[in-house]
Amino acid sequence: MTGNSRAPRAAPLRVALIASARFPVREPFAGGLEAHTWTLAKALTERGHHVALFAAPGSDPSLGLRELPVCRPVLTEDARADVSMPSESWMAEHHAYLRLMLDLARDGERRFDVVHNNSLHHLPVAMAPALRLPVVTTLHTPPTPWLESAVQSQDHCPVTFTAVSAHTAKAWHATVPAARVVRNGVDTRRWSVGPGGPHLVWSGRIVPEKGPHLAAEAARKAGLPLRMAGPVGDRRYFADRLAPLLGDGVEYVGHLGRDDLARLVGGAAAALVTPCWDEPYGLVVAEALACGTPVCGFDRGALGEILTPDCGRLAPADDAAVLADLVHETVRLDRRAARERAERFCSLDTMTDGYTALYEELAA
């Protein structure tokens with residue numbers, strides 16, 4: 001299947017989907033986590049399930065939105081003067097998840113069959129024992145101290161964990177030895193096959209760990225034009241490292257909505273993916289493949305799980321020179337093979353099947 005056409009079970013599921021409180025879940029997406037959460041909420045709804053999305057203010061109202069109470073607690077001057085006082089943004093996020101979990105502990109079992117936590121916060125895990133319904137948490141990142149502590153705060157953590165890749169499941173194995181792999185999926189109806197073109201493409205958040213400056217250097221070495229798209233998450237990095245590389249065929253085209261981004265990616269000869277960290281999944285890889293665009297990237301994190309020799313090439317980490325050499329092989333790969341890989345391995349249906357089967361197992 002390439003769409004989202006499975007019929008729901010006789011009794012639709014009632015799913016509380018918890019998002020990150022840091023950015024609204026709406027287009028243009030702040031990052032892969034927001035794109036994933038939006039896509040999953042849409043897919044579950046299209047299958048007839050009832051989804052309540054607990055997300056940051058300003059999120060897409062069509063998703064059954066219940067805005068997280070992202071508000072600052074009223075703190076006394078004495079509390080603010082405490083040397084251990086964290087930042088106001090940290091306190092606001094903490095307060096939001098605390099209120100949400102207390103609300104679900106009160107009567108969540110009357111309103112929902114399952115809670116699916118896609119946030120990166122520790123409280124939905126630490127407070128899961130207080131809920132009288134199953135909780136699923138998806139691991140989207142490498143291990144973090146707050147979340148490892150939450151898992152270990154009880155002798156038996158009642159949360160069912162999934163991981164977005166085998167690489168991420170392995171990284172968490174010491175703390176979460178039984179995480180099930182449910183890879184992120186892309187809607188291959190929306191990320192449709194493009195015609196290709198003369199330029200390369202890079203997409204993602206403009207931050208050091210995504211390495212866009214290395215993509216610009218590799219494109220220059222390969223002698224091919226490059227179009228770059230994504231939100232600027234680190235303005236100093238953009239100004240100091242990326243802006244000096246723009247021009248002479250390397251162009252930053254801004255933060256695009258999904259349809260515009262799909263056209264850009266589908267109109268490229270190849271996509272460059274240049275993580276400077278161990279990428280837990282790599283949603284931009286799946287998006288490129290769905291557009292029929294082969295991928296040339298660094299062999300870090302989960303990229304090696306997604307790409308095969310038919311649809312991509314992998315260079316050693318941080319080596320822009322080898323990446324440039326591999327670009328010319330990559331652009332000659334069969335675009336049909338890239339699309340077929342997306343349909344078989346990282347489609348929206350595959351992901352949604354995995355989650356709904358898990359929900360039904362736990363709800364039963």
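The model is predicted: local features need pLDDT of at least 70, side-chain atom pairs count only at pLDDT 80 or more, and totals for chains, interfaces and linings use all residues. Residues are numbered from 1 along each chain as its sequence is written, and side-chain values use heavy atoms, with hydrogens and water left out.

A nonpolar core is taken here as a set of buried Ala, Val, Leu, Ile, Met, Phe, Trp, Tyr and Cys residues joined through side-chain atoms within 4.5 Å. Buried means under 20% relative accessible area, exposed means over 50%, and partly exposed lies in between, with a 1.4 Å probe and protein chains only. The largest nonpolar core has 53 residues, and the members that touch the most others are Val285, Leu289, Val295 and Tyr359. Beyond residues up to four places away in sequence, Val285 touches Val273, Val295, Leu303, Ile306 and Leu307; contact means heavy atoms within 4.5 Å. A second, separate core comprises 32 residues, among them Ala21, Phe54, Phe112 and Ala128.

Helix H13 covers residues 335–345, and its buried residues are Arg335, Ala337, Ala338, Arg339, Arg341, Ala342 and Phe345. Helices (H or I, at least four residues) and strands (E, at least two) are DSSP runs, numbered from the N terminus. An α-helix has 3.6 residues a turn, so residues three or four places apart point the same way. The cover over the buried residues of H13 includes helix H9 (258–266), helix H10 (283–290), H11 and helix H14 (348–363). At the N-terminal end, H13 is capped by Asp334, which has a side-chain oxygen 2.8 Å from the backbone nitrogen of Arg336. Such a polar contact is a pair of N or O atoms within 3.5 Å; within protein, one must be able to donate a hydrogen and the other to accept it, and residues adjacent in sequence count only if both atoms are side-chain atoms.

Ala337 belongs to H13. With a relative accessible area of 17%, Ala337 counts as buried. Apart from residues up to four places away in sequence, Ala337 touches Asp310 and Cys311. Ala337 and Arg180 are 157 residues apart along the chain, and their C-alpha atoms are separated by 27 Å.

Gly301 lies in the loop between strand E12 (295–298) and helix H11 (303–306). Its relative accessibility of 23% makes Gly301 partly exposed. Neighbours within four places aside, Gly301 is in contact with His167, Asp278 and Glu279.

Rolling a probe the size of a water molecule over the atoms shows where empty space is left. On a 1 Å grid over the protein atoms alone, a cavity is a set of points where a 1.4 Å probe fits but cannot get out, and a pocket is an open set with protein on both sides within 12 Å along at least five of seven lines; lining residues have an atom within 4 Å of a point. Grid points are joined across faces, edges and corners, and a volume is the space filled by probe spheres set on the points.

The structure holds three cavities of 30 Å³ or more. The largest cavity contains about 50 Å³ of space and is lined by Val201, Trp202, Ser203, Val265, Ala271, Leu272, Val273, Val284 and Ala288. Strand E8 (200–203), strand E11 (270–273) and H10 are the elements that give two or more residues to this lining. The lining divides into eight nonpolar, one polar and no charged residues. In this division, Ala, Val, Leu, Ile, Met, Phe, Trp, Tyr, Cys and Pro count as nonpolar, Asp, Glu, Lys and Arg as charged, and the others, Gly among them, as polar. The second largest cavity has a volume of about 40 Å³, and its lining divides into four nonpolar, five polar and no charged residues.

The second largest pocket has a volume of about 180 Å³. Among the residues that line this pocket are Val151, Cys157, Val176 and Arg180. Cys157 is placed in the loop between helix H5 (145–151) and strand E6 (160–163) and is buried at a relative accessible area of 15%. Cys157 and Val176 are 19 residues apart in sequence and 9.4 Å apart in space, C-alpha to C-alpha. Leaving aside neighbours within four places in sequence, Cys157 is in contact with Val125 and Val151.

Val125 is also one of the contacts of Asn117. Asn117 is found in strand E4 (residues 114–117) and is buried, with a relative accessible area of 1%.
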